[in-house]
Amino acid sequence: MTTQPAMVIIGAGQCGVRTAAALRNNGWDGEITLLGNEGAAPYDRPPLSKAVLLGERSTEQCAFHDDAFYRDQRIDLRVDACVQHIDRGARKVVLSDGRSIEYQRLLIATGAEPRRLDVPGANLQGVHLLRTASDANALAEALQPSRRIVIVGAGFIGLEVAASARARGCQVVVIEAGARALMRAVPEVVAGYLIDKHRQMGVQIHFAAQIERLLGSAHVTGVKLKDGTQIGCDCVVVGIGVKPRTELAEAAGIDVADGIAVDDTLRTNDPHIFAAGDVCSFPHRLFRRRMRLECWKNAEDHARIVARNMLERGETYSEVPWFWSNQYDMTIQIAGMPAFGVESVVRKTGDTSRIFFALDRDGVLVGASGVGKLSEIARDVRVAQTLIGQRACIDRALLEDPDVKLKGLVAVEAL
Ligand SMILES: Cc1cc2nc3c(=O)[nH]c(=O)nc-3n(C[C@H](O)[C@H](O)[C@H](O)COP(=O)(O)OP(=O)(O)OC[C@H]3O[C@@H](n4cnc5c(N)ncnc54)[C@H](O)[C@@H]3O)c2cc1C
């Protein structure tokens, strides 16, 4: 069956649904087809590792919209429509059931896939990944009080699960292959600050630890490290990063470079096809390099811009990245790219709240990581986001001094 040419979106996730809504808001009156393969309407993923694991919210409550929204906005949402192939010549996508849908413009927003452990035992029962609502429901069920949980990977997902598991009364061990936590995300000083909190909360953490195998016959019972250490457990959570879902694009001959390669308008090398969200890598004007982001705000920002560019507005993307995480009673907010810094300057904004500014080798502010109480970090991180966008060079003493209002530096110090 073939339908009229439409705006077609592959991936009914955050970026997909936001783009569909933005197409309507920007005046597109024709068809919008949103193709998903999760069997459920688009939902918000950040609560999966936090409120859902804590039992404070159901996965159904994470849905972005109810059915009426899709009806009112005339968005043809299909939740069991797995796209198998993009036929660029005929400008159509082919679904796994053989049906095809023609497009005028196509957006690939297929997100990212959690990496799996590649060791013997990785497929045992009780080994969890966390990306989808059903992953979260299965893990929430496993996090019963006193259970022994091993988390592989001290990235944001691993640390959020650790915090949720401790709150549920589990015993938690984190195993990280690298020398420290959050290697790609934040400077060492920030990671150290977070890890101190996890240790205070009773989480055991092993760094530079290589897993040899997972133990157990049907269900996982433990983890064996390459140095011979064995850690008994009832459940393993693998949080070792994600890889962009680029297979459809690659098979269609679309350029890929750590994600589907788009230009600064989020268009691929095929003028009718765009990519956005976790799946794409894009040139960032501010940081003068190609990057791929895996975060909520990026999916929101990309959706807003890509919808306009699917309507040929030709806008370029240059938002300053922003990310947040919640662990225990701490909020973490990150603006810019702290990992690109070579020097850290710390501002104490409360008894346990800190802002870690990251400066590059020219002294330009490239990142700010706030850790602590929301009310003690949010304002400074927000202002830092503006300063980062202005490539500001700021005296270290001013950054350090909590009595100096960052806002006052915005106009004067911008380059
Ligand atoms: C547990 C968890 C916690 C997170 N917490 C935070 C946080 O605290 N802060 C933050 O900033 N970010 C967080 N994130 C990241 C944020 O949720 C993602 O960056 C965001 O969801 C990316 O949106 P996306 O639309 O690009 O991809 P996704 O939301 O992954 O959506 C892609 C969709 O495409 C579908 N799809 C793939 N292939 C096909 C196909 N062939 N046919 C049809 N459909 C297909 C997928 O099934 C999926 O539904 C978290 C993510 C997870 C998993």
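This briefing describes charged side chains and one annotated span in a predicted model. Because the model is predicted, local features need pLDDT of at least 70 and side-chain atom pairs count only at pLDDT 80 or more, while totals for chains, interfaces and linings use all residues. Residues are numbered from 1 along each chain as its sequence is written, and side-chain values use heavy atoms, with hydrogens and water left out.

**Annotated span**

- An unreviewed UniProt entry lists residues 7-303 as "domain: FAD/NAD(P)-binding"; such annotations may be inferred rather than shown by experiment.
- The span of residues 7-303 is 22% helix and 27% strand, and its end C-alpha atoms lie 13 Å apart. Helices (H or I, at least four residues) and strands (E, at least two) are DSSP runs, numbered from the N terminus.

**Salt bridges**

- Side chains of opposite charge can pair when their charged atoms come close.
- The structure holds 23 salt bridges, each being a side-chain nitrogen of Lys or Arg within 4 Å of a carboxyl oxygen of Asp or Glu.
- Asp270 pairs with Arg88, with the closest N and O atoms 2.8 Å apart. The two residues are 182 residues apart: Asp270 is in the loop between strands E17 (260-261) and E18 (273-275), and Arg88 is in the loop between strands E4 (83-87) and E5 (92-95).
- Asp270 is buried at 6% relative accessibility, whereas Arg88 is partly exposed at 29%. Buried means under 20% relative accessible area, exposed over 50%, and partly exposed in between (1.4 Å probe, protein chains only).
- Glu312 forms a salt bridge with Arg105, the closest N and O atoms being 2.9 Å apart. Glu312 lies in the loop between helix H7 (296-310) and strand E21 (322-327) and Arg105 in strand E6 (residues 100-108), so this pair ties together parts that are 207 residues apart in sequence.
- Arg347 and Asp380 meet in a salt bridge of 3.7 Å, N to O. Arg347 belongs to strand E23 (residues 343-348) and Asp380 to helix H8 (residues 374-389), 33 residues apart.
- Arg347 is buried at 1% relative accessible area, and Asp380 is also buried, at 15%.
- A network of salt bridges links Lys297, Asp301, Arg304 and Glu319.

**Positive surface patch**

- Arg115, Arg116, Arg184 and Lys243 form a positive surface patch. Patches are made of residues with over 30% relative accessible area and no salt bridge, with like charges joined within 9 Å and nonpolar side chains (Val, Leu, Ile, Met, Phe, Trp, Tyr) within 5 Å.
- Lys243 sits in strand E16 (residues 242-244) and is partly exposed, with a relative accessible area of 37%.

Notes: Areas by Shrake-Rupley, 256 points an atom, 1.4 Å probe, with all protein chains shown as cover. Lys, Arg positive; Asp, Glu negative; His and termini not counted. Charge placed at Lys NZ, Arg CZ, Asp CG, Glu CD.
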